[in-house]
Amino acid sequence: MKKVNFAGGEPFLNAEFIGKLAQYCKVVLKLESVSVVTNGSRVTRRWLDKYGAYLDIMAVSCDSFDEETNVKIGRGTGNHLKTVMELSQMCKEHGIKLKINTVVNRYNFREDMNRGIERIDPFRWKVFQVLIVEEENGSERTLRDARRFRISDEEWRFFCDRHKHQESFVPEGNDVMASSYLLLDEYLRFLNKGVAKPTESILKIGVKKALEGVYWDEKGFKERGGLYDWSKNDCAEGSGEQNLDW
């Protein structure tokens, strides 16, 4: 394993635990890259001072540069952009690569985000077509019903054509998204998005056995730009002598 990404939910609801996981991955496992996806609302300068050396990439969710649109989407209560800008500055100060994640949906596909992206200047702008998976977010029976966010492929291409000149722009449509990730849920089961049921937990059967039961689209992984420069220059590889406080 070379890279791990922590996502949620919101990982920083348990900030200390995420920090220790990042430290373990860099110091003990010596991974090339450790990243975390956050909405930014709970990331503090104190946390970055303590654990920033063990983090290569901070990905922050930013679906719009209009606060009214963010509120419609469910991203904050009107101050999300201020949080994004503050986090962008803190990442620069701590030598952490900043990635912006945007989910293109019914409420933002017409928006011109060029000026805002140029202001933040992320090293990578990952743009996702909103994905509806029936067993997760696609019916009245699921915890979340995201069907109202759905867009057509034509609307997706409209957004991409408007922003494809951005150097950091990395689009990811539904055609390559569903099975090109290896995802573990809160029970440490690999998910088979839209293909089959989750595997048994790796705590029960181990990683090798669990991987035998998961479908991973390697071609789609490469097509969506899954391989890239994911390490920061001053990664904390030399910190191996530090003791981990568990």
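**Figure 1. β1, β2 and α2 are among the elements that cover the buried residues of helix α1.** The model is predicted: local features require a pLDDT of at least 70 and side-chain atom pairs a pLDDT of 80 or more, while totals for chains, interfaces and linings use all residues. Residues are numbered from 1 along each chain as its sequence is written, and side-chain values use heavy atoms, with hydrogens and water left out. Helices (H or I, at least four residues) and strands (E, at least two) are DSSP runs, numbered from the N terminus. The buried residues of α1 are A15, I18, G19, K20, A22, Q23, C25, K26 and V27. Buried stands for under 20% relative accessible area, exposed for over 50%, and partly exposed for values in between (1.4 Å probe, protein chains only). With 13 residues, α1 reaches 18 Å from its first C-alpha to its last, close to the 18 Å expected at 1.5 Å a residue; the expected span is 1.5 Å times one less than the number of residues.

**Figure 2. The loop between β1 and α1 contains G9.** G8 and G9 are joined by a cis peptide bond with omega of about 5°. A7 lies in the loop between β1 (3-6) and α1 (15-27), and A7 counts as exposed at 51% relative accessibility. A7 and T38 are 31 residues apart in sequence, with 7.0 Å between their C-alpha atoms.

**Figure 3. Helix α4 covers residues 80-93.** Its 14 residues should span 20 Å at 1.5 Å a residue, and the end C-alpha atoms are 20 Å apart, which agrees. H80, L81, T83, V84, L87, S88, M90 and C91 are the buried residues of α4. The cover over these buried residues includes β2 (33-38), α2 (45-51), β3 (57-61), α3 (67-73), β4 (97-104) and α5 (114-120). Just after α4, G95 has a positive phi of about 70°.

**Figure 4. F12, W47 and Y51 form one aromatic cluster.** Rings of Phe, Tyr and Trp (its six-membered ring) pair if their centres lie within 6.5 Å; planes under 30 degrees apart count as stacked, over 60 as edge-to-face and the rest as tilted. The count by this rule is nine aromatic pairs. One of them is the tilted pair of W47 and Y51, at 5.5 Å centre to centre and 45° between the planes. W47 and Y51 are four residues apart in helix α2, so about one helical turn separates them. W47 is buried at a relative accessible area of 6%, and Y51 is buried at 3%.

**Figure 5. W125 and F159 form an edge-to-face pair.** The ring centres of W125 and F159 are 6.3 Å apart and the planes stand at 65°. This pair links distant parts of the chain, 34 residues apart: W125 is in strand β5 (residues 124-129) and F159 in helix α7 (residues 153-163). W125 is buried at 0% relative accessibility, and F159 is buried at 0% relative accessibility.

**Figure 6. R124 places its charged end over the ring of Y228.** The distance from the charged end of R124 to the ring centre of Y228 is 3.7 Å. A charge sits over a ring if NZ of Lys or CZ of Arg is within 6 Å of the ring centre and within 35 degrees of the ring normal.

**Figure 7. The largest nonpolar core has 45 residues.** A nonpolar core is a set of buried Ala, Val, Leu, Ile, Met, Phe, Trp, Tyr and Cys residues joined through side-chain atoms within 4.5 Å. W47, M58, I100 and W125 have the most contacts inside this core. Neighbours within four places in sequence aside, M58 is in contact with F12, V36, T38, V43, L48, L87, C91, I96, K97, L98 and K99. Contact means heavy atoms within 4.5 Å.

**Figure 8. D121 and L188 take positive phi values.** D121, not a glycine, has a phi of about 55°. D121 is in the loop between α5 and β5 and is exposed, with a relative accessible area of 56%. L188, also not a glycine, has a phi of about 60°. L188 lies in the loop between α8 (174-177) and α9 (202-205) and is partly exposed, with a relative accessible area of 29%.

**Figure 9. Confidence of the model.** The mean pLDDT of the protein is 88, with 90% of its residues at 70 or more. Over residues 234-246 the pLDDT is below 50, and this stretch has 21 contacts in the model beyond near neighbours in sequence. The pLDDT is the predictor's confidence in each residue, from 0 to 100. Where pLDDT is low, the predicted coordinates should not be read in detail.
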